Amino acid sequence: MYNGLVKLNTGITKVYNVIMMILLGLMSIWTLFEVIFREAGVSVPWLEEFTIYAFSWLTYFGAANVLRNDGHLSVTAITGIIEKKNPKARKVLAIITYIIVMAFCCIVCYYSTMMVIKYNNTGSTTTNVRWIKMSWIFFQIPLNYVIYILFEIEKIWGVATGKREVK
């Protein structure tokens with residue numbers, strides 16, 4: 001079952017990588033057009049808005065990859081001391097850390113879902129493009145936090161069973 005979770009998360013990571021490449025390409029094109037139009041004296045406000053929203057989505061997708069690979073900040077001085085004296089304590093510390101991160105992700109996921117529901121019920125739209133609902137823009141937050149939770153479950157399970165090395 002652990003291997004199935006790893007395969008699922010690997011598939012999600014691959015899809016995220018493709019989406020990030022597409023978003024980065026679109027952002028580059030939109031920004032280029034923004035500059036060209038601005039130099040020509042023409043204002044196209046929706047281009048800037050799309051770029052901002054794409055950058056927001058890109059940030060959350062990128063954070064997923066970093067989280068899965070333990071690339072976020074950590075205090076290695078403390079874990080290095082613990083690892084030298086007691087490698088089992090290092091494993092326990094890693095699991096506790098992953099559980100705390102997962103609890104935080106669950107809280108953010110819950111409250112961001114409530115926010116998306118609120119925006120959906122009010123019918124709020126973006127400033128310049130009236131057919132895009134703000135709930136669609138904010139949906140990225142609970143979506144990505146569900147993925148972050150899956151990644152944390154993989155790490156906890158892997159470290160607890162010895163199938164994943166503590167970084």
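**Exercise 1.** In which helix do Glu 152 and Lys 155 lie, and how many residues apart?

*Solution.* The model is predicted, so local features need pLDDT of at least 70 and side-chain atom pairs pLDDT 80 or more, while totals for chains, interfaces and linings use all residues. Residues are numbered from 1 along each chain as its sequence is written, and side-chain values use heavy atoms, without hydrogens and water.

Step 1. Both residues lie in helix H6, 3 residues apart, about one turn of the helix. Helices are DSSP runs (H or I, at least four residues), numbered from the N terminus.

Step 2. The side chains of Glu 152 and Lys 155 meet in a salt bridge at 2.8 Å, N to O. The criterion is a side-chain nitrogen of Lys or Arg within 4 Å of a carboxyl oxygen of Asp or Glu.

Step 3. Glu 152 has 1% relative accessibility and therefore counts as buried; Lys 155, at 2%, is buried too. Buried means under 20% relative accessible area, exposed over 50%, partly exposed in between (1.4 Å probe, protein chains only).

**Exercise 2.** Find which parts of the chain the salt bridge of Glu 154 links.

*Solution.* Step 1. The partner of Glu 154 is Arg 68, with the closest N and O atoms 3.1 Å apart.

Step 2. Glu 154 is in helix H6 and Arg 68 in helix H2 (residues 45–68), 86 residues apart.

Step 3. Both Glu 154 and Arg 68 are buried.

**Exercise 3.** Locate the salt bridge between Asp 70 and Arg 164.

*Solution.* Step 1. The closest N and O atoms are 3.3 Å apart.

Step 2. Asp 70 lies in the loop between H2 and helix H3 (76–85) and Arg 164 in the segment after H6, so the pair ties together parts 94 residues apart in sequence.

Key
Helices (H or I, at least four residues) and strands (E, at least two) are DSSP runs, numbered from the N terminus.
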